[in-house]
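Here is a short briefing to read alongside the model.

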Amino acid sequence: MLLVTLLALASAGAVPFAVAGGLLLAHAPLGALQRLLGALLIGVVVWRRRNPHPRKPSDPSFAGLGAASGPGSALLGSVGR
């Protein structure tokens, strides 16, 4: 039951923002997307070096994680596993 709740929270954030990211992708210039992807990758490396063992996210934060991963996945294809 907990897994269904977490999936619902993540989907509530991810689905609408993924649709918005897909619409942005149709109009975004390629150079801006390349810079955004580079900044994202550098940011992740810096964050993981500074915080090698991040704490476990709380259950309500999955809506925010979904909202962040939705457009990231739609625009860059680099979020998620």
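Predicted model: local features only at pLDDT ≥ 70, side-chain atom pairs only at ≥ 80, totals over all residues.

Residues are numbered from 1 along each chain as its sequence is written, and side-chain values use heavy atoms, with hydrogens and water left out. The chain has 3 helices and 0 strands, where helices (H or I, at least four residues) and strands (E, at least two) are DSSP runs numbered from the N terminus.

**Overall layout**

- The C-alpha trace spans about 40 × 30 × 15 Å along its principal axes.
- Of the chain's 81 residues, 12% count as buried; buried means under 20% relative accessible area, exposed over 50%, and partly exposed in between (1.4 Å probe, protein chains only).
- Take the contacts (heavy atoms within 4.5 Å) between residues at least 6 apart in sequence: 82% of them join residues at least 24 apart.

**Helix H1**

- H1 covers residues 2-25, which makes 24 residues.
- From first C-alpha to last, H1 reaches 33 Å, close to the expected 34 Å; the expected span is 1.5 Å times one less than the number of residues.
- At Ser11, H1 bends by about 30°, the bend being the angle between axes fitted to the seven residues ending there and the seven starting there.
- Leu6, Gly13, Ala14 and Gly21 are the buried residues of H1, and their cover includes helix H3 (61-76).

**Surface**

- Val15, Val19 and Leu23 make a nonpolar surface patch of about 290 Å². Patch residues have over 30% relative accessible area and no salt bridge, with like charges joined within 9 Å and nonpolar side chains (Val, Leu, Ile, Met, Phe, Trp, Tyr) within 5 Å. A salt bridge is a side-chain nitrogen of Lys or Arg within 4 Å of a carboxyl oxygen of Asp or Glu.
- Leu23 sits in helix H1 and is exposed, at 58% relative accessible area.

**The loop between H2 and H3**

- Arg55 lies in the loop between helix H2 (30-50) and H3, and is exposed with a relative accessible area of 73%.
- The C-alpha atoms of Arg55 and Pro29 are separated by 36 Å, and the two residues are 26 apart along the chain.

Methods: Areas by Shrake-Rupley, 256 points an atom, 1.4 Å probe, with all protein chains shown as cover.
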